[in-house]
Every structure is written in structure tokens, then in C-alpha cells.
Amino acid sequence: MKRYEFHSALPPELVFAMLDVRAKGWDPFAAGDGTFRVKREKDCFRLAYMGTSPASGFIPFWGEVRAREDGSVITGGFSPWRAMWKPMAGIWSAMCVPVMMLGVPVPVYLFMFALAFLVGMGFQSAGQKVFFQAYQRAVLGFIEDNLLV
């Protein structure tokens, strides 16, 4: 994952205020409405461009805002790990009992989980570069145009 770092003249409070004003609240089911969606989590935020046609699978920008003497620093990136670990953990947890009932040893199950996770992350990362590069550019442009004043 490529990390991005932006230097803003705004203090962190104003960066989050600008996010609240310029982007709508988080709604993962708003795909295709052409809006930017944001969700704040303490000093971090999740920002996504929903596109103009319904398409799912885009990984949002996960950013952190830290105070600096002359404003703030926004760091983050499009992390497949952050986007996928909860769904993957849920799926594999739900599959654990049926697989164990079939007699698959725990080390084999853990190996299968690790292998599927790595392959899934690879496909997710490649899919972002192929299908959602314009969405990523739109999010980076939004940050540059609205949060670095």
C-alpha cells in the first residue's frame, strides 16, 4: 500500500469540520450517487468516492490527522488490510466449526486461512489498481482541494 502525506495549513479541528461540510456521512450502500462519503473515528477518518455508476469493491482512503505547529499533517492510504480483515475474520470464524467437524486438523485450517487471506489481498490490491484507480484519484483530489487550504 502506498502511503500519502499531505501538509495542511488548517488545524485538525478545521480539517474534520471541512470533511463534515464537504462530504456526506458514511453510507456504504450509496454506490453510484457521485458523492464523497466520510466517517470519523477519533483522530482518523475514512473517505470514499461513491462514483457515478453502482460499483462495489472500492477500498476507502484511511487517513489520520495530527497537529503540527503550522497546521496539521494528514497521512494515510488505500489499505486492503484495513478494509478486509473484519469480513475475512467473520467468514473464517463462521467456517471454523463446520470444517473442524469434517475432521480437518487445526494447523491445516490455519494454513488454508493464511493462504486464502494472502491471495484475497493480492486480488483486492490488483483490482483497485485496475478498476478503481479513477476513484482513488478523485479521493486524493478531494483532499488536495478541500483539506489543504
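A nonpolar core is a set of buried Ala, Val, Leu, Ile, Met, Phe, Trp, Tyr and Cys residues joined through side-chain atoms within 4.5 Å. In this predicted model, the largest such core holds 30 residues. Leu19, Phe45, Leu47, Phe61, Phe78 and Val139 touch the most other members. E1, H1, E3, E4, E5 and H4 each supply at least two residues. H4 gives the largest share, five residues. A second, separate core has seven residues, among them Met84, Val99, Tyr109 and Phe117.

Helix H1 spans residues 12–22, and its buried residues are Pro12, Val15, Phe16, Met18 and Leu19. These residues lie on the same side of H1 because they cover an arc of only 155° around the axis. The face turned away from this buried side carries Glu13, Asp20 and Val21, which are exposed. The buried residues pack against strands E1 (4–8), E3 (36–41), E4 (44–49), E5 (61–68) and E6 (71–77), and against helix H4 (133–146).

Three salt bridges were counted. Arg37 pairs with Asp33 at 2.7 Å, N to O. Arg37 is buried, at 10% relative accessible area, whereas Asp33 is partly exposed, at 35%. Glu41 and Arg46 meet at 2.8 Å, N to O. Here Arg46 is buried, at 15%, and Glu41 is partly exposed, at 28%. In the pair formed by Asp70 and Arg68, the closest N and O atoms are 2.6 Å apart. Arg68 is partly exposed, with 32% relative accessibility.

Conventions:
Residues numbered from 1 in each chain as written. Predicted model: local features only at pLDDT ≥ 70, side-chain atom pairs only at ≥ 80, totals over all residues. Heavy atoms only, no water. Buried < 20%, exposed > 50% of the residue type's maximum accessible area, 1.4 Å probe, protein only. Helix = DSSP H or I, 4+ residues; strand = E, 2+ residues; numbered from the N terminus. Arc of directions from axis to C-beta. Contact = heavy atoms within 4.5 Å. Salt bridge = Lys/Arg side-chain N within 4 Å of Asp/Glu carboxyl O.
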